[in-house]
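I opened my notebook to record, step by step, what I looked up and what I found. The entries are meant to be read beside the sequence and the picture.

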Amino acid sequence: MLGINVKKGGRYRPLSSNDIKSGLKQASKLEIEFAEFDKQIDKALEVSNKTLQRTITI
Amino acid sequence: MTDDECNPELGEAFNINSFTEENLKTSLNNPFLLQRKFDKRFPEYSQHFQYLYSYLSDMKCKTILQENNYIDRDYLVDFAHYYVRCFTPYGRLTKRIHFFSKEFDKQLFLSALNGSKKNINIIKKNYIGFIVAKPLPEAIIGRTLLGTYENGCVPTTNNAKRFFTCVYKQKINLFGIDMEIESLEYQEQDAVTAACATSALWSAFHQTDKIFKGTWAPTPVEITESANKFWQLSRPIPSSGLTVMQMCQAIHEVGLEAYVHSIEDQKDPYMHPLISLIYAYLKMGVPVILHAEINGDDHAVTLNGYCLEEKQHIPREVKRNYPYIPLVGRRISKFYAHDDQIGPFCKLEIVQKILDPYKIEKYLHSYKKILTYEPISIIVPLYTKIRVVFLDVFRWVKKFHDFLKAFNRIIETNIEWNIYLCELNTFRNQVLSGRLYKQDRSRLLRKSLPHYIWRIELNTLDGNKILEIIADATDMKRSFFFKDMVYFNSQFKTDIHNLLNDRQVRTGYEHVLTEKLFNFLFETSQ
């Protein structure tokens, strides 16, 4: 299980108070990033007339 | 000559020859054919022949059986719509050319037709597929069903695994002998009843006809006509091409809806994980039409499979300045496509670059040059009820990922998200038989879920599953469509629960993740 947080030697490293502190510090940064990301996804779901009217010829 | 060998009205019913370049040419030939179709000096015309010869050689083809006077439905409908009214007397009958990976002669085949079980088995076991040869001047490659490299046991490099997901078991009857092959229909565009967009749709519809109930697979001329029902840019037949909008109309006409993802409308083509987006649909067997620009012209191909490497093939799918999470797309090294300019199941390679994260390329042996496919849009023919698309799901997964990362619960370099569309029955079958689902099996099997779901797996790169989220693919993007979640590591689950149960974490993150996601994560971790 090397993808989840493990100590050297392969034992799972349980949640510590430092982890919580580190996570809480990032909340406001993530809030801004998520708002920007939501806008990008909404934009990506749109399709312009330019694309729809392109002719596939070959 | 006996009655077995000869039809008094139509000449010989079949011919058998060993597989050589010359014999393949002879089988495909017809009185109207322009000979440049086989001439290596004209790669733009002989591309199909050279690709097919090389493909069949890789499949270890040994014998060609030419079934004469074959009536092919797709060609017959095209013939009735166009060729019959030409001054030149093009024929309505075709040749169906069958390929086998074992050498045999006429005697053996006749003995099979006389009931020899041993010889019938030889014919069945070594079947590679067929090509319908149309009696036309140029576009002679008609309906083609050839086995994949997986069937042909052609090895891969680096333990990579090929997945031809858009193929299905085809039954072929050759003079009473029932044979089976896993493949997907391919044919070359004739630029009369079908341009490349029509050919791409035609192949895709043969697959959607099998996976989505209540839809059908029209012939090329029927697709061209339905695409031109409302918008005609020029005369529809002879067809010079279709717009994306016309392709969407043709998809609508067969009872499906088109999901179009435009790449050219984005600020940067490497802003969203395109490879993982394509994979998410291919994994369920939904064909994806890649609309790309090649040397300034727009082209469409039907993607029908992918090659998955054991290790990461490209470092990132998006450029560094755009939001990203590690997805399966990084391990995909090739897509397989029915490209009507080249042939069936041709390899489109994902090649890592310096300035861009990757390019989609095809090496053409006949030209000795590389074609670069610059994606313009992706067109996915979907069942009408599948409304939630990959990017809707990706939006929520990204938030969960960043939350886990912020609290040091995952090591980003060692995990991978696997997001894909799935039929409920497939999921239930896996839950029923999968050892990992033991704890949640009964609950998951009894749970009421929609027919189409998104599965979101978080896996470690060494192949262990950490968790899986089930989302409703039939809901709407403004809703919260996550329906269930399974943890495969109890300690990890406990930690997530403790984290979400922390008052400070709730205060800090409830509005960041949204109340719906926060509560979903909390409830499913109990």
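**Entry 1: chain A**

I began by noting that this is a predicted model. I then looked up the elements of chain A and found three helices and one strand, which follow one another along the sequence in the pattern α-α-α-β. I also checked how much of this chain is covered, and of its 58 residues 17% count as buried.

**Entry 2: where the chains meet**

How many residues does each chain give to the contact? I found 55 residues from chain B and 34 residues from chain A. On the side of chain B that touches chain A, helix 10 (residues 390-406) of chain B gives the most, with six residues. I sorted the residues of that side of chain B by class and wrote down 24 nonpolar, 19 polar and 12 charged.

I then looked for strand pairing across the two chains, and I found that strand 1 (residues 55-56) of chain A pairs with strand 11 (residues 242-243) of chain B in the antiparallel sense, over two bridges. In this pairing, Ile56(A) stands opposite Leu242(B).

**Entry 3: two helices from two chains**

Next I looked up helix 2 (residues 27-44) of chain A and helix 14 (residues 503-513) of chain B, whose axes come within 9 Å and cross at roughly 5°. Why do I call helix 2 of chain A roughly parallel to helix 14 of chain B? The crossing angle is roughly 5°, and angles under 35 degrees count as roughly parallel, so the term applies to this pair. From helix 2 of chain A the contact is made by Ala27(A), Leu30(A), Glu31(A) and Phe34(A), and from helix 14 of chain B by Gly508(B), Tyr509(B) and Val512(B). By class, I noted five nonpolar, one polar and one charged residues in this contact.

**Entry 4: the domains of chain B**

I turned to the domain assignment of chain B, which gives domain 1 (6-159), domain 2 (196-383) and domain 3 (390-524). I looked up the separation of domain 2 of chain B and domain 3 of chain B, and their centres, taken over C-alpha atoms, are 29 Å apart. Their contact takes 15 residues from domain 2 of chain B and 16 residues from domain 3 of chain B. Helix 9 (residues 274-282) of chain B gives the most to the side of domain 2 that touches domain 3, with five residues. That side of domain 2 of chain B has 12 nonpolar, two polar and one charged residues.

**Entry 5: strands in chain B**

I looked at strand 6 (residues 127-133) of chain B and found it mostly covered, with seven of its seven residues buried. It is joined to strand 5 (residues 94-100) of chain B by six bridges, and the two run antiparallel. Strand 6 of chain B also pairs with strand 7 (residues 141-146) of chain B in the antiparallel sense, over four bridges. One residue ties these notes together: Gly129(B) is the bridge partner of Phe99(B), and Gly129(B) also stands opposite Leu146(B) in strand 7 of chain B.

Strand 12 (residues 256-262) of chain B is mostly covered as well, with five of its seven residues buried. I found that strand 12 of chain B pairs with strand 18 (residues 369-383) of chain B in the antiparallel sense over seven bridges, and that the partner of Glu257(B) in strand 18 is Leu382(B).

I then followed an open sheet of four strands in chain B, in the order 19-20-21-22, with antiparallel pairing. Its edge strands are strand 19 (415-423) and strand 22 (482-487) of chain B, each of which pairs on one side only.

**Entry 6: one residue, His338(B)**

Is His338(B) buried or exposed? His338(B) lies in strand 15 (residues 332-339) of chain B, and I counted 28 C-beta neighbours inside 10 Å; since 20 or more make a residue buried, His338(B) counts as buried. Leaving aside neighbours within four places in sequence, its contacts include Leu184(B), Tyr186(B) and Pro344(B).

Conventions
Residues are numbered from 1 along each chain as its sequence is written. Chains are lettered from A and ligands numbered from 1 in the order in which they are written. This is a predicted model: local features need pLDDT of at least 70, side-chain atom pairs count only at pLDDT 80 or more; totals for chains, interfaces and linings use all residues. A residue is buried if 20 or more other C-beta atoms lie within 10 Å of its own, exposed if 12 or fewer, and partly exposed in between; C-beta atoms are placed from the backbone. Two strands pair if DSSP finds at least two bridges between them. Two residues are in contact if their C-beta atoms, placed from the backbone, lie within 7 Å. Ala, Val, Leu, Ile, Met, Phe, Trp, Tyr, Cys and Pro count as nonpolar, Asp, Glu, Lys and Arg as charged, and the others, Gly among them, as polar. Axes are lines fitted to C-alpha atoms, for helices over the stretch in contact, and angles run from 0 to 180 degrees between N-to-C directions. Angles under 35 degrees count as roughly parallel, over 145 as roughly antiparallel, 65 to 115 as roughly perpendicular and the rest as oblique. Domain bounds come from an automatic or database domain assignment.
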